[in-house]
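Biologist: Can you put the model up? I have a few quick questions about it.

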Amino acid sequence: MDQTQAPVQSCPDCAAQMPAAVRFCPGCGRSMQIIARAQGKVGVLSENVAGALAYFTILPAILFLFLEPYRRNLFIRFQGLYALSVFLQLVVTRWIRPYPDFILQRDPHFRLQS
Ligand SMILES: [Zn+2]
């Protein structure tokens with residue numbers, strides 16, 4: 001493979017040039033994944049927009065957990081899982097009655113729905 005065709009990045013510490021896919025700088029050993037994270041772009045969306053989208057209904061959260069490249073991004077994967085857990089907690093707390101029937105029936109205004 002021709003090295004000049006590959007996308008190139010440079011280290012902010014030692015200014016060494018390297019392919020964009022490299023995880024650590026060959027010159028000083030600095031992690032280059034932090035830089036990819038700071039650029040904040042995943043697919044066509046910015047990282048922040050994708051993270052916020054995870055909370056609009058439940059569908060984007062599920063999509064982000066299974067679709068490339070979103071599922072490989074740690075930030076978006078966290079937001080997707082968090083949105084899912086909030087949704088599940090809301091469903092469960094709505095499902096489970098907060099008070100059992102014998103407590104509700106002490107209320108004189110209580111009407112049993114059937
Ligand atoms: Zn370096």
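Modeller: Here it is; note that this is a predicted model. Of the 114 residues in the protein chain, 14% are buried.

Biologist: What does the secondary structure of the protein chain come to?

Modeller: Five helices and four strands. Read from the N terminus, the order is β-β-α-β-β-α-α-α-α.

Biologist: Which residues are in the largest nonpolar core?

Modeller: There are nine: Val 42, Ala 50, Leu 53, Ala 54, Ala 61, Phe 64, Tyr 70, Ile 76 and Ala 83. At least two residues of this core come from each of helix H2 (47–53), H3 and H4.

Biologist: How do the axes of H3 and H4 cross?

Modeller: At roughly 140°, with the axes of helix H3 (residues 59–66) and helix H4 (residues 74–95) coming within 8 Å. H3 is therefore oblique to H4. The crossing of H3 past H4 is left-handed.

Biologist: Which residues make the contact?

Modeller: On H3, Ala 61, Phe 64 and Leu 65; on H4, Ile 76, Arg 77, Gly 80, Ala 83 and Leu 84.

Biologist: And how do the residues of that contact divide?

Modeller: Six are nonpolar, one is polar and one is charged. Ala 61, Phe 64, Ile 76 and Ala 83 are in the contact and also belong to the largest nonpolar core.

Biologist: Different topic. Taking contacts between residues at least 6 apart in sequence, what percentage join residues at least 24 apart?

Modeller: For the protein chain, 25% of those contacts do.

Technical notes:
Residues are numbered from 1 along each chain as its sequence is written. This is a predicted model: local features need pLDDT of at least 70, side-chain atom pairs count only at pLDDT 80 or more; totals for chains, interfaces and linings use all residues. Axes are lines fitted to C-alpha atoms, for helices over the stretch in contact, and angles run from 0 to 180 degrees between N-to-C directions. Angles under 35 degrees count as roughly parallel, over 145 as roughly antiparallel, 65 to 115 as roughly perpendicular and the rest as oblique. A crossing is left-handed if the near helix is turned anticlockwise from the far one by less than a right angle, and right-handed if clockwise. Two residues are in contact if their C-beta atoms, placed from the backbone, lie within 7 Å. Ala, Val, Leu, Ile, Met, Phe, Trp, Tyr, Cys and Pro count as nonpolar, Asp, Glu, Lys and Arg as charged, and the others, Gly among them, as polar. A residue is buried if 20 or more other C-beta atoms lie within 10 Å of its own, exposed if 12 or fewer, and partly exposed in between; C-beta atoms are placed from the backbone. A nonpolar core is a set of buried Ala, Val, Leu, Ile, Met, Phe, Trp, Tyr and Cys residues joined through C-beta atoms within 7 Å.
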